[in-house]
Amino acid sequence: MNSKKTTEYVDWNAEIPVIRYKALDDLGCVEHGFSTRLGGVSEGIYSSMNLSYTRGDSKARVDENFRRFCTAVHMDWEKIVSTDQTHTANVRAVTEEDAGHGITRPKTSYNIDGQVTNVPGLPLITYHADCVPLFFVDPVKKAIGLTHSGWRGTAARIGACTVAAMTKHYGSEPKDIVGVIGPSICQSCYEVSRDVAEAFEKDFRVTETLMYAKENGKYQLNLWEANRQVMLDAG
């Protein structure tokens, strides 16, 4: 998998603010973006770019928010394929038949934290709070992946599972895949307990960049570094 510095930036020229990555822009074969809380129509505690149907907001407002966001990233919101956030390492290959899954029609599969596809114009979406979004693009086989990687998913190496799914279903070569680690919680803000630390001590290269102990018995964990290791180990 390609490893190079990438530039995260906010596209203020879009209909709404969208966080993008130059490494993916430069490929010229994929639309992508990460939403902010700005530019939507939701009000009150949901203000304003709320993209969740499960928190009590008006469906009509969430629909409009999706329409606005997808317009900004040049995608068809009615074809979005969504996932759950259940902190698994489960990755699903999606096809044209899945268009609208969880958005404009009911879900038919659950317990999925990652998705891959090679269908042009089929948008994938994952939801995040503090957890890490992982973007994958194979410009050779024209395949993509999108993954939700919380600490459990990271410890289970869901990023590598996503690469394996792209290899299995589309013949991707890991060396051709460009991977991006999206906006998420940083090490200085992410305090974890001993049980979480142990999960990373088993299978990761532990340095202070990945994790360090504190006097209160807790640890500061760097999920960005953990996922970087996962991506590099995946090839």
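**Reading the fold of a predicted model**

Q: What makes up the accessible surface of the chain in this predicted model?
A: The accessible surface comes to about 11300 Å². Carbon and sulfur atoms hold 50% of that area.

Q: Why does the radius of gyration of the chain agree with a compact globule?
A: The rule is 2.2 Å times the number of residues to the power 0.38. For 235 residues a compact globule would have a value near 18 Å, and the chain has 18 Å, so the two agree. Along its principal axes the C-alpha trace spans about 50 × 45 × 35 Å.

Q: What makes a residue count as buried, and how many of the residues do?
A: Buried means under 20% relative accessible area. Of the 235 residues, 49% count as buried.

Q: How many of the contacts between residues at least 6 apart in sequence join residues at least 24 apart?
A: The share is 57%. A contact here needs heavy atoms within 4.5 Å.

Q: Why do β1 and β2 count as paired strands?
A: Pairing needs at least two bridges. Four bridges join β1 to β2 (residues 18-21), so the two strands pair. They run antiparallel. Asp11 stands opposite Val18 in β2.

Q: What makes β1 and β3 edge strands?
A: The open sheet has the order β1-β2-β3, with antiparallel pairing. In this sheet β1 (8-11) and β3 (34-35) each pair on one side only, and are its edge strands.

Technical notes
Residues numbered from 1 in each chain as written. Predicted model: local features only at pLDDT ≥ 70, side-chain atom pairs only at ≥ 80, totals over all residues. Heavy atoms only, no water. Buried < 20%, exposed > 50% of the residue type's maximum accessible area, 1.4 Å probe, protein only. Areas by Shrake-Rupley, 256 points an atom, 1.4 Å probe, with all protein chains shown as cover.
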